[in-house]
Amino acid sequence: MSATVLASTFLQDPSFLDILYIVAFGLFIQGLRGLSGPTTAVRGNRIAAVGMAIAVIATLLNANEGNWALIVIGVVLGTAVGVPAARQVKMTAMPQMVALFNGVGGGAVFLISWSEFRLSDGFTATPTYIAIFSLFAAIVGSVSFWGSNIAFGKLQEIIPGRPITLGSSQQIVNLLLLLVAVACGVAIASGEHSEALFILMLVSAALLGNAVVFPIGGADMPVVISLLNAFTGLSAAATGIALNNPALIVAGMIVGASGTILTNLMATAMNRSIPAIVAGGFGGGGAVEGASGAGEHAGTVRSTSAADAAIQLAYANRVVIVPGYGMAVAQAQHAVRELTKELEKRQVEVSYAIHPVAGRMPGHMNVLLAEADVPYDQLKEMDDANPEFSRTDVSLVIGANDVTNPAAKNTPSSPIYGMPILEVADSHSVIVIKRSMNPGFAGIENELYYDPKTTMLFGDAKSAVSEITAELAHI
Amino acid sequence: MILASTLTTNLAILVLAGFIGFVVISKVPNTLHTPLMSGTNAIHGIVLLGGLLVVGLSGNGTFNKIILVIAITFGTINVVGGFLVTDRMLEMFKSKPKSAGEKDKQGKGS
């Protein structure tokens, strides 16, 4: 009996707890280092998970016993929702899953701040700096929660993916919402105890999260998810300061910083600035300009058949496959792999050109193709792939659209002008597999389809690719 | 005094952690952007600790308890789901030894 008491006093010693927290964030940093290389990534993720387990167990050892029931309910519910979701989600739906997981993190942050506010009777006896960090966490957490949920809705196509804006008043509305949220925060930090004010702050932040993400469409979405990820990290760090918890501060801040870097890398890869993205995506004019551009080209699209495509591919020396979101939705990666094998049997040199933001998220295509056992060295990043298109006989574009649009290079008036693209149009011929002539996620018409070198093979990516493979067998 | 030193210590931790975050991530190949985002996403699920700590404080009324159970649920989803999903993604990067063989090891990006 006395031994257990002794053990439990030792385990609940604050410095022992702090040591466990230090071990935990050491593991986070080590894990994150591992995540930045393909060979160490799996281990890195698991190391970080061990760190998380240690941090959670350490905290539970110190939890007030009277609240075990609440903790168990929360953890069981969370596991019951999180595990099946993570297990069953298709690789193609990964981006929206990340958005959703990010959103709930932000949700937890603002709910914790809210309960802190209520517990302390409106920060009555709370040091001002703690109140400030807690309020910051509440605002950012709320923005992140709602923003991520909208991003999820858009990617899941519950909400239309196109930019939805309030037009020119959008920026003013966003600014006003931000001002209201900050003003409420300042008032509370300087001594207001009204809960209504706190709720008003949460609501304005929530509306701001909606208002910022609704107008964003097209290829900007991955950048936004990454930005919101960084936001949730920062808000977690602020919660850590408010609760004087080093594990939260370190983990939150690392995510905040690395998320910001990652966001910046993505934005740079797309030649877009983060402020420009947040200020309103491609703007409401994007689709309209695209549509008017389409008028000039109409009627010059050449469609082809699987048999012709097969012949074209079979007699090529070099084929570059350009995958995009269409391949992801059709789950066509395995079919594409089969096609590649069939071509390689015929001594055709095949590689894959991967745009940094092909699909809905950076690396999305790599994940899918890795799933289908495509060798890592066949995947070429944009900068390596582009110089090779001029030596390529056939570029096979599978469900990619905006990332191949020459308008990004040639048409200064295009909303995507300046975005780096895969210069597919440089190759000797192009076959595009696409469901229909509908414009892509960004809502912009693609000039590539009207290029005389281009033929279109309409259909679902998976069945179209399988048909080509079947036809190849007959040649 | 004591409060001020807690604040400064915490701010120091915050700043150092920020720099570490920048340094660790500055060279990641494009390929790993999705799993990396997902992995960091799981790490900020650590807000779960905030929920566990606050629910342990005395004086929580019914409404607070409800909010905190939701917060703990959200935090758990973030942590558990985040790590599992990242693991699933990364496993796929690993399972490619067939045709690449030894070349595999060279795939470090640049």
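Author: What follows looks closely at the side of chain B that touches chain A, then turns to chain A.

The model is a predicted one, and it scores ipTM 0.84 and pTM 0.79. For chain B the mean pLDDT is 80, with 79% of its residues at 70 or more.

Chain B has five helices and zero strands, so its pattern along the sequence reads α-α-α-α-α. Of its 110 residues, 55% count as buried. When contacts in chain B with a separation of 6 or more are taken, 71% of them join residues 24 or more positions apart.

Now the contact itself. Chain B puts 85 residues into it, and chain A puts in 98 residues. On the side of chain B that touches chain A, two or more residues come from each of helix 1 (2-25), helix 2 (33-43), helix 3 (47-55), helix 4 (62-94) and helix 5 (97-100) of chain B. Helix 4 of chain B gives the largest share of this side, 30 residues. Sorted by class, the side of chain B that touches chain A holds 42 nonpolar, 31 polar and 12 charged residues.

Within chain B, helix 3 of chain B has the highest mean, 93, and helix 5 of chain B the lowest, 42. Residues 96-110 of chain B have a pLDDT below 50, and beyond near neighbours in sequence this stretch has 21 contacts in the model.

The partner comes next. Chain A has 19 helices and six strands. Of its 475 residues, 56% count as buried. For contacts in chain A with a separation of 6 or more, residues 24 or more positions apart account for 80%. Its pLDDT averages 85, and 89% of the residues score at least 70. Residues 282-298 of chain A fall below 50, although beyond near neighbours in sequence the stretch has 30 contacts in the model. Chain A is divided into domain 1 (1-88), domain 2 (106-283) and domain 3 (299-474). Between the C-alpha centres of domain 1 of chain A and domain 3 of chain A lie 44 Å.

In helix 13 (residues 306-314) of chain A, the buried residues are A:A306, A:A309, A:A310 and A:L313. Seen down the helix axis, the buried residues of helix 13 of chain A fall within an arc of 100 degrees, so they line one face of the helix.

A:L368 sits in helix 16 (residues 364-371) of chain A. A:L368 counts as buried because it has 25 C-beta neighbours inside 10 Å, where 20 or more are needed. In sequence A:L368 and A:T92 are 276 residues apart, yet their C-alpha atoms are 7.3 Å apart in space. Not counting residues up to four places away in sequence, A:L368 touches A:M91, A:T92, A:M327, A:A328 and A:Q333.

Two loop residues of chain A complete the picture. A:D121 lies between helix 5 (94-119) and helix 6 (128-155) of chain A; its phi is positive, about 50 degrees, although it is not a glycine. A:D121 counts as exposed because it has 12 C-beta neighbours inside 10 Å. A:N244 lies in the loop between helix 9 (221-243) and helix 10 (246-269) of chain A. A:N244 is also not a glycine, and its phi is positive, near 55 degrees. With 15 other C-beta atoms within 10 Å, A:N244 is partly exposed.

Technical notes:
Residues numbered from 1 in each chain as written. Chains lettered and ligands numbered in written order. Predicted model: local features only at pLDDT ≥ 70, side-chain atom pairs only at ≥ 80, totals over all residues. Contact = placed C-beta atoms within 7 Å. Helix = DSSP H or I, 4+ residues; strand = E, 2+ residues; numbered from the N terminus. Nonpolar A, V, L, I, M, F, W, Y, C, P; charged D, E, K, R; others polar. pLDDT = per-residue confidence, 0-100. Arc of directions from axis to C-beta. Domains from an automatic or database assignment.
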